[in-house]
Amino acid sequence: MLVRLLYASRVVDSSPETIESILTKSRQFNPTSGITGILCYGGGIFLQAIEGGRNAVSELYGHIQKDPRHKDVVLLHYEEISERRFGGWTMGQVDASRVNTNILLKYSERAELDPYSVSGKVSLALLEELMATASIIGRA
């Protein structure tokens with residue numbers, strides 16, 4: 001059974017080294033667990049979609065909730081899926097500061113990443129548009 005989980009969190013340390021460390025660890029761990037997804041970050045906020053088997057995704061989300069690099073972890077959306085939307089990425093990345101502000105404004109009140117102020121479905125739609133506009137990098 002495949003599932004998709006979308007969550008937001010605030011980053012404790014927004015240094016490029018920390019972001020790269022999270023992405024590197026994801027890219028090492030995720031293929032062996034059958035997990036794919038994307039990580040969008042900006043303004044000290046992470047928005048992440050993870051897809052895979054129900055047990056693997058649940059285990060990973062539990063780990064993220066305890067990870068000291070994250071705070072204010074909030075589940076935005078969870079669903080059973082028939083196919084992956086982000087299957088091409090062991091963990092693709094989007095730097096929200098480099099995204100066209102029109103895309104961010106399309107889904108929120110201001111041109112900034114703030115998944116805490118919109119619904120999970122809106123955040124998922126944002127990620128899908130970022131994928132469609134080739135804003136996701138780090139294909140692996």
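How many cavities of 30 Å³ or more does the structure hold? The structure holds 1, where a cavity is a set of points on a 1 Å grid over the protein atoms alone at which a 1.4 Å probe fits but cannot get out. This is a predicted model, in which local features need pLDDT of at least 70, side-chain atom pairs count only at pLDDT 80 or more, and totals for chains, interfaces and linings use all residues. Residues are numbered from 1 along each chain as its sequence is written, and side-chain values use heavy atoms, with hydrogens and water left out.

Begin by selecting the lining of the largest cavity (residues with an atom within 4 Å of a point), which includes L47, Y107, E112, D114 and L126. Helix 3 (101-107) and helix 4 (120-132) each give two or more residues to this lining, helices being DSSP runs of H or I with at least four residues and strands runs of E with at least two. Helix 4 provides the largest share, 3 residues.

Next, select L6, C40, L47, L113, L126, L127 and L130, which touch the most other members among the 20 residues of the largest nonpolar core. Such a core is a set of buried Ala, Val, Leu, Ile, Met, Phe, Trp, Tyr and Cys residues joined through side-chain atoms within 4.5 Å, and buried means under 20% relative accessible area with a 1.4 Å probe, protein chains only.

Finally, centre the view on C40, which, leaving aside its neighbours within four places in sequence, is in contact (heavy atoms within 4.5 Å) with residues including I45, V94 and L113.

Key: 1 Å grid on protein atoms, 1.4 Å probe; cavity = no way out; pocket = protein on both sides within 12 Å on 5 of 7 lines; lining within 4 Å. Points joined across faces, edges and corners; volume = space filled by probe spheres on them. Buried < 20%, exposed > 50% of the residue type's maximum accessible area, 1.4 Å probe, protein only.
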